[in-house]
Structure formats: C-alpha cells, structure tokens
Amino acid sequence: MEKVILEVSYNCNFSCVMCGFGQKPVKPEHFMSRSLFEHVLACLPEETKTIRLNGRGESTIHPSFAEFLTLARDRHPLAAIELFTNLSWRDPRITRSLAETGAQLFISMDSPDRQELEQIRRGCRFEQFMANLEAVSRFAATPFLVFTIQHSNLHRIRDMAEFAHARGLGLIFNTVRSDVPDDRLVRRVIGRFPDVRQDFAQVLDVFRQRPGRCQVPEQIQGVRLDLPGAAPTSGRSRRCPAVEREICVCFNGDVFPCNMFNPFLLGNLDGQPFERLLRGSRCEEFLSRREELGYCRNCAWMS
C-alpha cells in the first residue's frame with residue numbers, strides 16, 4: 001500500500017454549489033479522534049509513501065489539525081504528506097505546521113474571479129484565500145490549484161491557467177464525481193465543444209515548459225476531448241491504479257477502497273490491522289467485481 005487517505009474531518013465550513021455537504025452543522029463527533037489517528041499511523045507499514053489528509057469535509061477545521069500534522073511527520077518521517085484544502089484558515093500555526101512538515105497542497109479554486117469563487121465556494125472569503133495562497137506559494141513543495149469543472153465556470157478554463165502559471169503554481173482540472181452525469185454541464189460542453197477543446201489545448205500549451213504541472217482530463221462527464229497530452233481518467237482504465245495502491249480511512253474508522261470514497265465498505269479498523277482488511281474476503285470481492293460497479297465505471301479521477 002503506497003498511499004493512505006485519512007478523513008480527519010467529516011465536517012466542512014463551506015457549502016459549495018456542486019456539493020452541498022457543508023450545509024450540515026459541524027458536529028464534534030464527526031472529527032477523527034486522536035486515538036484513531038494514532039492507531040492508523042501505527043498500523044501503516046514503514047514503507048508507506050504518502051499520507052493524505054483529505055475527506056469529504058475540510059481537514060484544517062479539525063481542532064487538532066496542526067498537531068495531527070506533527071504526529072504524522074514524526075511517525076513516518078520519510079512519507080510525503082498531502083492536503084486537499086479550501087485554504088480558509090486564519091490560524092498562522094496551521095501555515096507554519098504545513099511548511100515545517102513539507103506538505104504538498106492541493107487547493108480548491110474554481111475561478112480566479114472574486115465574485116465567482118465566492119458564489120461557487122459559498123463561505124469563501126477571497127481576501128483570506130489570497131493571503132493564504134501567497135503564504136503557501138512559498139512552500140518548498142509547489143502547491144496545485146484544483147479547478148472543478150462546472151457549467152458555471154466553463155468560461156474560466158484559460159483564465160485559470162494564466163492565473164496559476166503567472167504564480168508558478170500547478171493546476172489540475174477536475175470533474176465532479178457523479179453516478180448520474182451533470183446534464184447542464186454536458187449540454188454546455190457539447191454546445192461549446194470546439195471552444196472548450198481549444199481552451200484546453202491552449203492550457204496545455206501554456207504549461208508545455210512545465211511538464212507534470214498541469215493535468216487536463218481526457219473526458220468531461222463522458223464527453224471525450226481527444227487532446228494529445230490529456231490525462232487518462234480511472235473510469236476508462238482497464239485496471240484502476242488507485243485501488244491497487246491506496247486505501248481510505250474515514251473519520252469513524254470505516255475503510256473504503258480509494259480517495260473518491262467509493263461506497264464499497266471493506267470493513268472498520270476497530271482494532272484490526274490493515275493487513276487483515278486488505279487480504280480479507282470483502283477486498284477480494286471488490287477487486288473481482290470492480291468493473292461491474294457503476295461508481296467505478298463513471299469515475300473521472302485522473303491517474
């Protein structure tokens with residue numbers, strides 16, 4: 001197992017238009033406990049390459065987030081630490097802890113325009129976001145911006161690339177994970193297909209001197225872009241690279257196959273070692289049936 005995703009927070013301080021997850025009130029019991037966090041770290045093989053603090057919520061609002069960073073680094077000094085975040089914190093200790101642990105950041109940013117970003121990421125305060133972005137841009141590990149493609153921001157594809165490139169940041173174009181395609185997005189992509197394809201072609205051209213710093217998906221909700229240089233998506237892969245190299249542990253100890261929170265439950269840690277779950281009958285069943293499962297078949301996650 002190369003990577004473990006730890007959902008330290010099942011709470012979120014935003015209510016994004018494409019998610020709605022953050023509309024729920026914050027519940028303390030939906031934060032991962034310190035004891036479970038330490039148990040997972042102790043269970044991980046020493047050769048684990050990556051620990052990602054990532055979930056359906058926002059990790060940095062966990063009351064012990066900075067402490068968790070230090071625990072992860074101390075227990076696994078050679079592992080890379082990754083964080084997906086909306087960059088909303090106000091506590092400078094979080095910035096310092098991220099810098100000290102050498103964390104690789106993936107930052108949700110769906111438009112470089114203040115009004116649009118605040119409308120999409122409801123709860124975002126643009127000034128605070130930009131202040132944190134300036135601070136983390138100085139980290140040793142270059143942050144990546146993650147632009148979630150939606151019908152409301154399709155016109156910002158090139159603007160986002162120019163914003164990221166001008167600041168020396170990486171850029172990933174992501175699509176919303178959905179069992180049912182987003183009809184509004186699909187209709188708009190099809191209706192503007194020549195322009196959308198050209199926009200992405202220009203994005204790849206902007207980053208041509210920075211290989212690996214930009215990822216454009218090969219398809220959007222099933223609409224193929226047919227662009228040289230676009231990244232393959234896992235739903236179209238014969239073998240999913242994610243399920244072969246990673247595992248996801250949720251805030252309550254439930255274990256799922258991948259970072260897209262595939263609902264196929266492998267089991268709960270609850271004192272069990274990882275090895276028992278990874279070699280158990282549920283894991284074998286998932287690996288044998290993966291191609292039958294719609295959640296996997298429609299996955300747009302880029303490998």
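The talk below goes through the strands and their partners.

Guide: Keep in mind that this is a predicted model.

Visitor: In what order do the strands of the open sheet lie?

Guide: Start with the general idea. Strands of a sheet pair through backbone hydrogen bonds, parallel or antiparallel. Here ten strands form an open sheet, ordered S7-S6-S5-S4-S3-S2-S1-S10-S11-S12. The pairing is mixed. The edges are S7 (214–215) and S12 (267–268), each of which pairs on one side only.

Visitor: Which strands pair with S10, and in which sense?

Guide: Strand S1 (residues 3–6) pairs with S10 in the parallel sense, over four bridges. Leu6 has Val249 of S10 as its bridge partner. Strand S11 (residues 254–256) runs antiparallel to S10, joined by two bridges. There, Val249 is partnered with Val255.

Visitor: Are the faces of S10 covered or open?

Guide: In a regular strand, side chains alternate between the two faces of the sheet. In S10 (residues 246–249), both faces are covered. Glu246 and Cys248 are buried on one side, Ile247 and Val249 on the other.

Visitor: How many bridges join S2 to S3?

Guide: Four bridges join S2 (residues 50–53) to S3 (residues 80–85), and the two run parallel. Leu53 has Leu83 of S3 as its bridge partner.

Visitor: Which strands does helix H5 lie across?

Guide: Helix H5 (residues 126–136) lies across S4 (104–108) and S5 (144–149). H5 runs at about 155° to S4.

Methods:
Residues numbered from 1 in each chain as written. Predicted model: local features only at pLDDT ≥ 70, side-chain atom pairs only at ≥ 80, totals over all residues. Heavy atoms only, no water. Buried < 20%, exposed > 50% of the residue type's maximum accessible area, 1.4 Å probe, protein only. Pairing = 2+ DSSP bridges. Contact = heavy atoms within 4.5 Å. Axes fitted to C-alpha atoms, helices over the stretch in contact; angles between N-to-C directions.
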